[in-house]
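Subject: Structure handover

Hi,

Here is the structure I promised to pass on. Please open it first, then read my notes below.

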Amino acid sequence: DAGEHASYMLKEILEQPDSAERVLRGRLVERFGTAHLGGLNLDARETRAISRVKILGCGSAYYVGQMGASLIEELARIPADAEAASEFRYRNPIIEPDTLYVAVSQSGETVDTLLAVQEIRRKGGRVIGLVNVVGSAIARECDGGIYLHAGPEVAVASTKALTTMFLGFSLLALQLGRVRDLSIADGRRLIEGLQRIPDHIRQILGHDDEYATIAKQLAEAESLFFVGRVRGYPVAREGAQKFKEISYRHAEAYQTSELKHGPLALIEASVPTVAIVPDDELADRNVAALHEIAARGGPLVVVTHATVDLGDLTATRIDVPACERELDPILLTLPLQLLAYHAALHLGHDIDKPRNLAKSVTVE
Ligand code: BG6
C-alpha cells in the first residue's frame, strides 16, 4: 500500500529526489564531460552517423518525448521530434536507416508503443528504449536502451517515472552531443546542472502548502488553459494532461504564441490560465501575451523563475529554482504535478485510479 501517504501519487511525487539520483547514478563522466550509457549498444561511429532522432510514446511519455527532442536538438544539434506512438504506425511511416528511434514507456507494455517498435524493427530501423520496467515487452524488443530505475509506479498519473524519463533524455542528449559538437566545458556544465537536480526537486516539493491553496482555486473552474512556448510547451501539455486526468476538469494546453490566433476568445474571469514562463529569451514575449489574458479578466498562475519580471501583471506566481536552461522543463513540471494532485484531493476524487483510465493500456 501507499504506507504513510494518502495515495500512491503523493508517495511517488515525494520519491522524485531519490529516483532522480538513481537514474543518474554511475552514468555521469565528469572527466570527459559526457554520459556513460552502457546499454545503448551504439559505438561512436554509429552515433556520429545518426542524422535524425524520432521519439515515440503515449500520454505523458509522449510529452516528455517532446522535451527530450528539444534537449537532443539543443545539445547534439540532431534534428529530433516526438510523435504519439498510437498514430505513428497508421500512417505507413518512412523508416530511415540513419534515424535513431527512441521508444519511451514507464510500463514497457503499452501496446501502441510496442507495435510501433515492432514496425520499425520489421523495416530494419534501429530502436532504443527509455523504459522503467526491466524485462518488459518493449525493453525486450529494442536494440538497446536506458533503464530508468524509477522503482515501481502505481498511480495512473505518472510522476516519478516522467522525471527519470526527462533525465534519461538529458543523458542521451549529452552522450550524443559529446560525440558531435558539444564542448567538454558545456558537457561539464550540464553534468553539474544534473547533479543539482535532486536538491532542486526537494526544494520545490517543500512548498506543498502553497500549491494546495492555489489548486483549490483552480479546481473550482470548469475549464482551464495551460500555456507555454518552445521548452515550456511540452511542460504545459504535461500539466494539462495531469490536471484533466485526475480532476476531470477540462484542461487544454496551448502555445502561448497561439493564444491570439483563437483561444483568447474563451478567456474570461471563470477560465484560469496556468502559464509556464522560464527565464529564457522568450520571457518578455511571454509576459506580454499574459497581459492579454489579464486584460480580459482571466486569472493567472505563472510558473516561472525568481529572476523573471512580471511587472504589474495580476498573477499568482510560483517560482522554481534556476538551473541550466536546458534542464528547466523538468523543474517547471513539478509544481504542475502538485497542482493536479491537490485539485483532485480537494474535489474528493480517486487520485490513484481516475475513472476510465488504466495505468498501462495493453490492448489496441
Ligand atoms: C496511459 C496512461 O494510458 O499510458 C498514462 O494513462 C501513461 O499515464 C501512458 O503516460 C503511457 O504509459 P507507459 O507505461 O507506456 O509510459
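**Around the ligand**

Twelve positions first, by name: the residues around the ligand are Cys58, Ser60, Ala61, Ser105, Gln106, Ser107, Thr110, Val156, Glu245, Ala358, Lys359 and Val361. Bear in mind that this is a predicted model. By class, this shell holds 5 nonpolar, 5 polar and 2 charged residues.

In serine 105, a side-chain N or O atom is 2.6 Å from an oxygen atom of the ligand. Serine 60 uses its backbone instead: an N or O atom there lies 3.2 Å from a ligand oxygen. For glutamate 245, a polar side-chain atom lies 3.5 Å from an oxygen atom of the ligand. How much of the ligand does the protein bury? Taken alone, the ligand exposes 390 Å², and the protein buries 90% of that.

Where does the ligand sit? Its space is the largest pocket. That pocket holds about 550 Å³ of space. Its lining has 29 residues, and the closest to the centre are Cys58, Gly59, Ser60, Ala358 and Lys359. Of these, Cys58, Ser60, Ala358 and Lys359 are also among the residues around the ligand.

Which elements give two or more residues to the lining? They are helix H4 (60–76), strand E5 (99–105), helix H6 (111–122) and helix H11 (232–247). H4 gives the largest share, 4 residues. By class, the lining divides into 12 nonpolar, 12 polar and 5 charged residues.

**Two backbone points**

Two asparagines are worth checking in the backbone. Most residues other than glycine have a negative phi. Asparagine 41 has a positive one, near 60 degrees. This residue is in the loop between strand E2 (34–35) and helix H3 (44–48). Asparagine 92 also has a positive phi, near 45 degrees. Asparagine 92 is found in the loop between helix H5 (85–88) and E5. Strand E5 is also one of the elements that line the largest pocket.

Best wishes

Conventions
Residues numbered from 1 in each chain as written. Predicted model: local features only at pLDDT ≥ 70, side-chain atom pairs only at ≥ 80, totals over all residues. Heavy atoms only, no water. Near = heavy atom within 4 Å. Polar contact = N/O pair within 3.5 Å; in protein donor to acceptor, adjacent residues only side chain to side chain. Areas by Shrake-Rupley, 256 points an atom, 1.4 Å probe, with all protein chains shown as cover. 1 Å grid on protein atoms, 1.4 Å probe; cavity = no way out; pocket = protein on both sides within 12 Å on 5 of 7 lines; lining within 4 Å. Sits in = over half its atoms within 2 Å of the grid points. Nonpolar A, V, L, I, M, F, W, Y, C, P; charged D, E, K, R; others polar. Points joined across faces, edges and corners; volume = space filled by probe spheres on them.
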